Amino acid sequence: MYQNRQPAYAPTPHSYIPNTALSATINLDEEVKLAESRAERDLQDSLAEVFSIIITLDQLERAYLKDAIPESDYTETCDRLLKQYKAILADESVAREFVDLETFKNEWDIDVPRATERLRIGLPSTVTAPSHNASTSNNSGTNGTLILEATQDFITFLDALKLGLLAKDQLHPLLSDVIQSVNKVTDKDFEGRGKIVQWLIALNQMRATEEVSEDKARELELDMNSAYQGFKATLA
């Protein structure tokens, strides 16, 4: 007697009546816009490029550690990626959305320890470490030129400090020139060399227009004078 009776809560074949007015507003052939404006689209593109750079940089570091890429190719590619990363984040709107590297990694759930370290330092591994191809013969004309270049780079950097050029975007390129020219001359870990790398890392973590304080500037000058003397001692 209960076979044809449906429970009160059970839906019947005609219990759902589609909203034709709503259906009429949906066009399945219409392209879904991910951005409402060109500025928003550009922002999304920039963040996507940053994501791609970080992933690529991590893979590049892995390849270099496995000797799967020549040192010169690694240096060129790494330097280009780091410059692109900095250039994109120089845009205030991108930097504001990006926040910082740790926030960005957490938001997109990416694990890139090697890229994180490289971005923290801001220079290729081949730049911060002494080159095994450095010339060490004081009788070499080529080495004499390299020594002169390194000496000039030291003096240029110290002069910049004396002139009061304390912004990150003023000092970081000059100090990068110092470490690169020094590495071409000697692969010895002379006194003060580690300080050059430490200051490069410290400057890299500052904002482009941020300035070193007067106290830090004096400390930096002392460290670079010490490094300069240590460098000259290796040539004796």
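Just after helix H5, Asp 109 takes a positive phi of about 55°. Helices here are DSSP runs of H or I with at least four residues, numbered from the N terminus. The model is predicted, so local features need pLDDT of at least 70 and side-chain atom pairs count only at pLDDT 80 or more, while totals for chains, interfaces and linings use all residues. Residues are numbered from 1 along each chain as its sequence is written, and side-chain values use heavy atoms, leaving out hydrogens and water.

H5 itself spans residues 101-108, and its buried residues (under 20% relative accessible area, 1.4 Å probe, protein chains only) are Leu 101, Phe 104 and Lys 105. These residues lie on the same side of H5 because they cover an arc of only 100° around the axis, the arc being that of the directions from the helix axis to the C-beta atoms. On the face turned away from that buried side are Asn 106 and Glu 107, which are exposed, that is, over 50%.

The cover over the buried residues of H5 includes helices H2 (38-65), H3 (71-89), H4 (92-98) and H6 (113-121); contact means heavy atoms within 4.5 Å. At the N-terminal end, H5 is capped by Asp 100, with a side-chain oxygen 3.3 Å from the backbone nitrogen of Glu 102.

Elsewhere, helix H11 (residues 214-234) contains Gly 230. Gly 230 counts as buried because its relative accessibility is 10%. Leaving aside residues up to four places away in sequence, Gly 230 touches Phe 190 and Glu 191. The C-alpha atoms of Gly 230 and Asp 189 are separated by 9.3 Å, and these residues are 41 apart along the chain.

Technical notes:
Helices (H or I, at least four residues) and strands (E, at least two) are DSSP runs, numbered from the N terminus. A polar contact is a pair of N or O atoms within 3.5 Å; within protein, one must be able to donate a hydrogen and the other to accept it, and residues adjacent in sequence count only if both atoms are side-chain atoms.
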